[in-house]
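Trainee: I have a model open and want to learn how to read its features. Where do we start?

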Amino acid sequence: MTKVRFRDADGREREVEAPVGISLMEVARQHGVVGIVAQCGGACACATCHVYVDPEWTQRLPPAEDMELGMLESAWEPRDNSRLSCQITMTAELDGLRVTVPAEQA
Amino acid sequence: MNGTIVIIGGGQAGAQAVDTLRREAYTQRLILIGAEPELPYQRPPLSKKFLSGELARERLWFRHRGFYDEHRVELVLGKSVTGIDPDARSIALEDHPLLRYDRLLLCLGSSSRRLACEGADLAGVHYLRDLRDACALQSEIRPGARVVIVGGGYIGLETAATCVKLGCSVKVLEMADRLMNRVVAPVVSTFFAAEHAKHGIGIVLDTRVAALAGRDRVESVVCADGTVHTADIVVVGVGAEARTDLARDAGLACDNGIVVDEFCRTSDAAIYAAGDCTNHPSPRYGRRLRLESVDNAFEQAKTAAQNMLGGSVVHDRVPWFWSDQFDNKLLIVGLQQGADRTVVRGDPADRSFSVCHFAGRELLALEAVNHSKDYMAARKLIAERARLDPDRAQDPSVPLREAT
């Protein structure tokens, strides 16, 4: 089973199983990862599933499309490694992916 | 808070309330009652990716069953509440023992407004509100089916787009002179009408349905002007009404929804309500609102949960809405009532533009078509009651927040 790690704003890590084919946001929500609000449920309409992707993983993700980039611009404290977790689909290659959940969401 | 909290309703609001209550360290007995047998699930995909078959049923769930076990949430699913007794603080259910509560949260949602014309209950006539509705519609959709949609609002248009994707031949009948007329500016209606037409959908405006006709099942839709539209399937999306029966029978104040105050409290001090079913005051807008949206359900449920635990949080948010039709995303933030000027940013021909509604220099609302940047900027600007220069805002090369 593919696994991913969510780190909270205080540095605490949690490793969870991440079925291939669903989004990283869905993984977080299924496991009740605190801080991933995902109000719109993955429609790229709310920017409340914002995460910071660990640097070694940013280049291994498919790049964000315009709609996602536009959302991220006004997300809570966006950085270069910001992504919306609803726009990241889990694949076997993403086994071990590590992200940080911001202290707040938009 | 000592005792038992019961939530009635397993939609967006009910699911969120569970989440907030447990996160706010409420450790005592928590019961969620859902009339449907399903785990609490999301409704927005029902007209879109669930109907199209792209999203499996389990992916609609907010949380897996394990989450509820882990957080000691007692789920009473597939049971209908038959009555609430506010004096005894008890809830009567069908085929289930009486439940007692110390605090009760009503998340009853809304139900589809029904067509009242002749033939409205023929087989093949569908509504789209819950999972059962979506499965029933899905089971009849097949390539080549002639689908007539009554109502050119969000549900009707999203369903139309999905049906075309599944190979159906689709018509949309709308009473008004433009699509989504209650929620978007004319330029946005025109844009979406063109998008639907491009995909082969027949849009008929200014038309009123007089009857549905057919022998064993629906065969056609007859309009008031005599026009007949042949149909294998009819989908009705003509609005929704707050579900208030339980509240009214319990003696709670209801008026186009369950009347709540800014703390989400009903007229009974132990009973709160959240989501589509409420009629709530909006300090920001200075009037009462009844909203049908994920955002409102989510935020009110969160507020209600905090207040049930002794908080005094006021629900005062800028509402937002979205709709997906084909590859277009419509994002709306704010309410445009009271606007005295509307400016369009960008050219609809570019398939990415936004519409700003101003009252003087204050941005009241923004509709964004495939333009998430303006939408997100507007969320902040509207919340801050920012003053802008409407003339500058008209220039799409100026970022919205710099249009001062």
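This is a predicted model: local features need pLDDT of at least 70, side-chain atom pairs count only at pLDDT 80 or more; totals for chains, interfaces and linings use all residues.

Trainee: How many residues does H1 of chain B have, and what does it reach from its first C-alpha to its last?

Mentor: H1(B) has 12 residues and reaches 17 Å. That is close to the 16 Å expected at 1.5 Å a residue.

Trainee: Which residues of H1(B) are buried?

Mentor: The general idea first. An α-helix has 3.6 residues a turn, so residues three or four places apart point the same way. Now the case here. The buried residues of H1(B) are Gln12(B), Ala13(B), Gly14(B), Ala15(B), Gln16(B), Ala17(B), Val18(B), Asp19(B) and Leu21(B). With 9 of its 12 residues buried, H1(B) is therefore largely enclosed by the rest of the structure.

Trainee: What covers the buried residues of H1(B)?

Mentor: The cover includes four strands of chain B: E1 (5-8), E2 (30-34), E3 (73-77) and E7 (103-106). Helix H7 (294-308) of chain B is also part of it. Ala25(B) follows H1(B), and its phi is positive, near 70 degrees.

Trainee: Which other residues have a positive phi without being glycine?

Mentor: Arg351(B) is one of them, with phi at about 65 degrees. Its place is the loop between strand E24 (341-345) and strand E25 (353-359) of chain B. Asn370(B) is another, with phi near 50 degrees. Asn370(B) lies in the loop between strand E26 (362-369) and H8 of chain B.

Trainee: Why does Asn370(B) count as buried, and why does Arg351(B) count as partly exposed?

Mentor: Count the neighbours. A residue is buried at 20 or more other C-beta atoms within 10 Å, and exposed at 12 or fewer. Asn370(B) has 20, so it is buried. Arg351(B) has 14, so it is partly exposed. Asp261(B) also has 14 and therefore counts as partly exposed. You will find Asp261(B) in the loop between strand E18 (258-259) and strand E19 (271-273) of chain B.

Trainee: Which residues of H3(A) are buried, and what do they pack against?

Mentor: Met67(A), Glu68(A), Gly70(A), Met71(A) and Leu72(A) are buried. The buried residues pack against strand E4 (82-84) of chain A, together with E23 and H8 of chain B.

Trainee: How many residues does each chain give to the contact?

Mentor: A general point on size. The size of an interface is often given as the accessible area lost when the parts come together. Here we count residues. Chain B gives 22 and chain A gives 17. On the side of chain B, the elements giving two or more residues are H7, strand E22 (320-325), strand E23 (328-334) and H8. H8(B) gives the most, with 6 residues. By class, that side of chain B has 10 nonpolar, 4 polar and 8 charged residues.

Technical notes. Residues are numbered from 1 along each chain as its sequence is written. Chains are lettered from A and ligands numbered from 1 in the order in which they are written. The expected span of a helix is 1.5 Å times one less than its number of residues. Two residues are in contact if their C-beta atoms, placed from the backbone, lie within 7 Å. Ala, Val, Leu, Ile, Met, Phe, Trp, Tyr, Cys and Pro count as nonpolar, Asp, Glu, Lys and Arg as charged, and the others, Gly among them, as polar.
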